[in-house]
Amino acid sequence: MLRLDSVSRRFGEQHVLDGISLTVPDGQLLSVVGPSGCGKSTLLRTIAGLLPAQEGTVTVDGTPVTGVPERLAVVFQEYGRSLLPWLTVRDNVALPLRRRGLGRAARRAEAETILERVGLHGVARRRPRELSGGMQQRVAIARALVCRPSLLLMDEPFGSLDAGTREDLEDLLLEVHRADETTIVFVTHDIDESVYVGDRVVVLSAGPGSRVVRDLPVTLPGERDQITTRGSTAFVTLRTEVGRAVRAVRGAPPEGPR
């Protein structure tokens, strides 16, 4: 589904991405972690075609990316800025369907169906400002899913939410992933979250010139639970391995007894 070959990106004299190569199979959920400022968001925007790869190539479903690919959707962390405040929740979700040539009634019907799927039954006629932060992010996720994307990019989508809401949305993401088998690239700074939702975790080095330093398969069961999964030996072992890799690229001393 997704292939990056020696992708590099600079902003002026600042080297942000340095020869990143990745292959993401169809239907995989790839978590990307790394220290703050390492270029995670730049990587996502390059995959989305919002920024050009100055060196190397990005290929989605066999086609080189030269602009925003078809059947691609993005969910950003700043849900408040991504929703149009003058539109209802239903019309925010239905907005991408205009490109498919659907009539207004059909767009609204599809929007209401996906709103129910993400647990937002009964809020279609409300405005985004009338909803909590977690509900607004569910609206943003619904809008991304309404076009049935083959590739979904998520840029720290739960980073500004409280712990309980974050866990609910992590579980919603896993439900969607299991049901639709959508290929997902999920950027997060939260190590535990990267392991809990991912099929695989990639760790990026600190900048300047970020690179892939670890690529770890997640060997947890497909069916996951916030309590049981996070308490399992397999989860603790893997989150420790990812945590050590992130601390190493930050130049922090390894964890251990004091």
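Helix H6 (163–180) gives the most to the lining of the largest cavity, with four residues. The model is predicted: local features need pLDDT of at least 70, side-chain atom pairs count only at pLDDT 80 or more, and totals for chains, interfaces and linings use all residues. Residues are numbered from 1 along each chain as its sequence is written, and side-chain values use heavy atoms, with hydrogens and water left out.

**Cavity**
- A search of the whole structure finds one cavity of 30 Å³ or more (on a 1 Å grid over the protein atoms alone, a set of points where a 1.4 Å probe fits but cannot get out; lining residues have an atom within 4 Å of a point).
- The largest cavity holds about 50 Å³ of space, the volume being that filled by probe spheres set on the points, which are joined across faces, edges and corners.
- Its lining consists of Ile141, Leu145, Leu152, Met154, Leu169, Leu172, Leu173 and Val176.
- At least two lining residues come from each of helix H5 (133–145), strand E7 (151–155) and H6 (DSSP runs numbered from the N terminus: helices H or I, at least four residues; strands E, at least two).

**Helix H4**
- H4 (residues 104–117) has 14 residues and reaches 20 Å from first C-alpha to last, close to the 20 Å expected at 1.5 Å a residue (1.5 Å times one less than the number of residues).
- Arg107, Ala111, Ile114 and Leu115 of H4 are buried (under 20% relative accessible area; exposed is over 50%, partly exposed in between; 1.4 Å probe, protein chains only).
- Seen down the axis of H4, the buried residues fall within an arc of 105°, so they line one face of the helix (directions from the helix axis to the C-beta atoms).
- On the other side of H4, Ala105 and Thr113 are exposed.
- Glycine 119 follows H4 and has a positive phi, near 80°.

How values were computed. On a 1 Å grid over the protein atoms alone, a cavity is a set of points where a 1.4 Å probe fits but cannot get out, and a pocket is an open set with protein on both sides within 12 Å along at least five of seven lines; lining residues have an atom within 4 Å of a point.
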